[in-house]
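Dear colleague,

Please find the structure below, followed by a short account of what was found in it.

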Amino acid sequence: MIEDALLVKELVKAAAVLGAGICMGFGAIGPGIGEGFAAGKACEGVAREPENANLITRTMLIGQAVSESTGIYSLVIALLMLFVI
Amino acid sequence: MQIDESVMKMATFFAAALSMGIGAIGSAYGLGYASSKACEAIARQPQESGKIIKMMLIGQAASGTPSIFSLLISFLLLFGPAPKQGLVQVFAILGAGICMGAGAVGPGIGAGFANAEACDGVARMPDSETTLLRVMLMGQAVSQSTSIYALVIAFLLTIV
Amino acid sequence: MHISKKQKYILAGIILVEIIIGIFFIKIDMSAIAEPPAKLKHIFGFAIPMNGINISTILNTWLIMVVLILSSWKITRHLTPVPSRLQVIAEQYVSAFDKLCEEVLGSGKGRKYMPMVSTLFIFILVANSIGAIPSFWHIFSGFPSWLKFDEPTKDLNTTLGFGLLCFLVAHISGIYYKGFKKYLSEYFEPMIEIGRLRIPNLFMGMLNIVGEFGKTISHSFRLFGNMLGSAIIILVISNLTKYIVMPVFLNAFFGLFIGAIQAFVFAMLALVYVSVMINE
């Protein structure tokens, strides 16, 4: 009985570390593409109106910060799975 | 649970392959996309080819960073310190490989997209080259932060 | 560039000697990947809190600081109307950053932040490329292992310190220029309006606060990850090729080129985070 309980505990920990890896890995895909898209469009905008470069950069950074939040949620969940479970 | 040494070795090799194999997809796509746009831009403005190529190379150095992180995790798994033996460690190594591999895909594609638009922009407005370079580097740097989170988690997983 | 026949022979000779030394004398040794940094835990009998200090990081940081302070002191002592070579470099550097900051923050405000941004840039630039200076004396027995040129930015403590500095500067200037109430209310925009009542949008507030922490984390981990990654890749590839020819190019690419790009990115992001905070 005791060995079974230990095995279950080990299995849970194993699944948690694998899950942390999968969580952060796949969670990083979306924000990466999305923020790159924003950066690309910002470059296009700067090429069209160089005098508004600073406004465009600020808008780009704010948008990227919002789209980054999903990546940070993945990071938080991965850290929780690593250290709490 | 008792885990054989050969099982640990198998897990390490498999994870190293996953990390570099999946991680190369995104960066390669981004680099290729950027160079295709640069070719298009040079075809339109052959006299600005020097500036366009410079922009392309600097941007590609930045958008290749996620795949360099994948390479780093593969190296660490292959040549780094041998992990302890155990069921948790097997899954942690596999998790590190998947984490860095998949985590490098998105930022690679995104940074390549920014690089491509910057090359296009240089062809359209060669005078605002420095501004474009600045905006491109900043955008790429921010879009790579998720790959850095993946790198941190993968580091933590390799030392569990 | 023209290379004479004699220079070609010399180059070929050097490479041949390197190959012979590499094949016969150099063993592959990758223990440095896993080696924890040397730490100073006691000083004059007192224990240092927080698990000691990292000696190599501290020494290299102070070395870079001394070099930068002395050289800038030396350059600015004798300013002449007809500038010397060093003075031209310094003037170009300062005026380029002055122009950049004025452009991003608006005239007047930009000059206040120029010293911080330009100092961050030059410190990180030198710190990232210091690993390219060959230092071999730590491999002899009798010399401590921490006595080598090592990037201080490879240590998370350095980069996290810079990240927190930029975070504090940006937020305090935000409060200074906009007032505390406006600064706080910007987190909860767009407000939900019911009639004349304006209720703070808690969902957006949560997103914004998480985003602020994410900015600082990614700002400091970007530099750290890049520099640690390049250091390990240089070590592994140099070992696999037995230090034949490759380390020069690896150091040039990862240390100087990537290091310069990362230093510029770090300084620019610090500037832009301030500009996001102080502008409407």
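The contact (heavy atoms within 4.5 Å) draws 14 residues from chain C and 10 residues from chain A.

This is a predicted model, in which local features need pLDDT of at least 70 and side-chain atom pairs count only at pLDDT 80 or more, while totals for chains, interfaces and linings use all residues. Residues are numbered from 1 along each chain as its sequence is written, chains are lettered from A and ligands numbered from 1 in the order in which they are written, and side-chain values use heavy atoms, with hydrogens and water left out.

**Chain C as a whole**

Chain C contains 8 helices and 6 strands, taken as DSSP runs (helices H or I, at least four residues; strands E, at least two) numbered from the N terminus. Their order from the N terminus is α-β-β-β-β-α-α-α-α-α-β-β-α-α. The C-alpha trace of chain C spans about 85 × 50 × 40 Å along its principal axes. Of the 280 residues in chain C, 39% are buried, that is, under 20% relative accessible area (1.4 Å probe, protein chains only).

Yours sincerely

Notes:
Buried < 20%, exposed > 50% of the residue type's maximum accessible area, 1.4 Å probe, protein only.
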